[in-house]
Amino acid sequence: MLKVAFQGELGAFGHAAVRATFPNEQELPCTTFEQTVAAVQNGEADFAMVPVENSLYGRITDIHHLLPESGLKIIGEYFHRVNMNLLGVKGAKLEDIKEVQSLSVALGQCRNFIKKHNLVAINAVDTAGSAREVAERGDKSRAAIASRLAGEIYGLDVLASDIEDEDHNTTRFLIMSRKMIEVDPAKHKVKTTFVFRVRNVAAALYKAMGGFATNGINMTKLESYMVDGSFTATQFYADIEGHPDDPGVQDAFEELAFFTHHIDILGVYPAAEKQE
């Protein structure tokens, strides 16, 4: 049986993502993203599922700094639809609830529901931990906002489902491994993820990107972040549609190399469909 690491307690949305992609494998909860990555690095886990961006809140910054230095490779992606649920102790009803606790981000995503029902919002460390704490307290007047999986694990009832304000809340997860995989572009739509650092010359980024435009390569993501605490040392993280062996991608990378200090391919993997 394979072991898959994720950040968070049992019942976290990362745990739900692991269940969806690796339903028959062993799950390994980790406290931090660093521990999640380290579990694969040291062989404690075979894979890690790490969130990189959310449709409401954008990129998850810590991960963008961790991945290039981790030595791990991206072998897949998964778009997890985030459904928020109000979870209460057994026997509680919606009208019993006076307080609701969860991660601040989750509370913010359910602001309309909380206001409509005149609930007192209580900030907590995470969603799954909130579900566990509500179960431990056994107080019918306090509920948690978390995943349905958290309710199942901690024995809570779903008092209201899909209570988020926006219906497009989706988190993109990357599946990380110690080794790169072989992907046949004839059988799969392929995505390639890489990082690069441009030379400190005028219009370097513009020129570096030119090869992708002239070769018709679709770049689905391009983000920058500082490295080594320097305002002049900027690294870029990019996703493109295509395989490095494709002639157009080869030409684009060749042109990119003229204007960069280094290029590091983090993964070549099948592109996933977004969840509706």
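A residue is called buried here when its relative accessible area is under 20%, exposed when that area is over 50%, and partly exposed in between, with a 1.4 Å probe and protein chains only. The structure is a predicted model, in which local features need pLDDT of at least 70 and side-chain atom pairs count only at pLDDT 80 or more, while totals for chains, interfaces and linings use all residues. Residues are numbered from 1 along each chain as its sequence is written, and side-chain values use heavy atoms, with hydrogens and water left out.

Helices (H or I, at least four residues) and strands (E, at least two) are DSSP runs, numbered from the N terminus. In these terms, Phe22 sits in the loop between helix H1 (13-21) and strand E2 (26-30), and Phe47 in strand E3 (residues 47-54), so the pair ties together parts that lie 25 residues apart in sequence. Phe22 is buried at a relative accessible area of 13%, and Phe47 is also buried, at 15%.

Another stacked pair is formed by Phe196 and Phe236, with 5.3 Å from centre to centre and 15 degrees between the planes. Because Phe196 belongs to strand E12 (residues 190-198) and Phe236 to strand E14 (residues 234-241), this pair ties together parts 40 residues apart in sequence. Phe196 is buried, with 0% relative accessibility, and Phe236 is buried as well, with a relative accessible area of 10%. Both residues belong to one aromatic cluster, made up of Phe194, Phe196, Phe212, Phe236 and Phe253.

The backbone also deserves a look. Most residues other than glycine have a negative phi. Asn118, although not a glycine, has a positive phi of about 55 degrees; Asn118 lies in the loop between helix H5 (111-116) and strand E8 (120-124), and is exposed, with a relative accessible area of 66%. Asp162 likewise has a positive phi, near 50 degrees, in a residue other than glycine. Asp162 is found in the loop between strand E10 (157-161) and strand E11 (170-177), where it is partly exposed, with a relative accessible area of 47%.

Key
Rings of Phe, Tyr and Trp (its six-membered ring) pair if their centres lie within 6.5 Å; planes under 30 degrees apart count as stacked, over 60 as edge-to-face and the rest as tilted.
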